[in-house]
Amino acid sequence: MTFRPLHDRILVRRIEAEEKTAGGIIIPDTAKEKPQEGEVIAVGPGARDESGKLVPLDVKVDDRILFGKWSGTDIKLNGEDLLIMKESDILGVIDVSAPARQAA
């Protein structure tokens, strides 16, 4: 089964957080929060502006994004837990190819 979001909606797969801290402490399942980072699986064609012209989305498939804790709607598709949200729920796109900047 395939899924195609409509308008300015996107389909996201959550990226699970690490189970261990940098110091080596293992985080139990009861203390974990839902990940707020995800990978874009599918995007809609875009929203319409006041004149009716289609405005494409800024995100694309395979982008890594950050979103709010309570953003979107959880769904199960082909046995996988996914999230549908509007583009406006996205806080930012993570650019994994950019070199990390060092603090001054």
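**Core, loops and salt bridges**

Trainee: Does K53 count as buried or exposed?
Mentor: This is a predicted model. The relative accessibility of K53 is 55%, and the cut-off for exposed is over 50%. K53 therefore counts as exposed.

Trainee: Which residues does K53 touch, not counting residues up to four places away in sequence?
Mentor: K53 lies in the loop between β3 (47–48) and β4. With residues up to four places away in sequence left out, the residues it touches are A47 and R48.

Trainee: Which elements give two or more residues to the largest nonpolar core?
Mentor: The largest nonpolar core has ten residues, including I10, V12, I65, F67, L83 and M85. The elements that give two or more residues to this core are β1 (9–14), β5 (64–67) and β7 (80–86).

Trainee: Which residues does I90 touch, not counting those up to four places away in sequence?
Mentor: I90 is itself one of the residues of the largest nonpolar core. Leaving out residues up to four places away in sequence, I90 touches I10, V59, I65, L66 and M85.

Trainee: What is the phi of D62 near?
Mentor: D62 lies in the loop between β4 (54–55) and β5. D62 counts as exposed because its relative accessibility is 55%. Its phi is positive, in a residue other than glycine, and is near 80°.

Trainee: And what is the phi of N78 near?
Mentor: N78 lies in the loop between β6 (73–77) and β7. N78 is exposed, with a relative accessible area of 55%. Its phi is also a positive value in a residue other than glycine, near 55°.

Trainee: How many residues apart are D8 and K86, which form a salt bridge?
Mentor: The closest N and O atoms of D8 and K86 are 3.9 Å apart. D8 counts as buried because its relative accessibility is 14%, while K86, at 35%, counts as partly exposed. The pair links the segment before β1 to strand β7, and D8 and K86 are 78 residues apart.

Trainee: Which strands hold R64 and E37?
Mentor: The side chains of R64 and E37 meet in a salt bridge, at 2.2 Å from N to O. R64 is partly exposed at 30% relative accessibility, and E37 is partly exposed at 21%. The pair links distant parts of the chain, R64 being in strand β5 and E37 in strand β2.

Definitions and conventions: Residues are numbered from 1 along each chain as its sequence is written. This is a predicted model: local features need pLDDT of at least 70, side-chain atom pairs count only at pLDDT 80 or more; totals for chains, interfaces and linings use all residues. Side-chain values use heavy atoms; hydrogens and water are left out. A nonpolar core is a set of buried Ala, Val, Leu, Ile, Met, Phe, Trp, Tyr and Cys residues joined through side-chain atoms within 4.5 Å. Buried means under 20% relative accessible area, exposed over 50%, partly exposed in between (1.4 Å probe, protein chains only). Helices (H or I, at least four residues) and strands (E, at least two) are DSSP runs, numbered from the N terminus. Contact means heavy atoms within 4.5 Å. A salt bridge is a side-chain nitrogen of Lys or Arg within 4 Å of a carboxyl oxygen of Asp or Glu.
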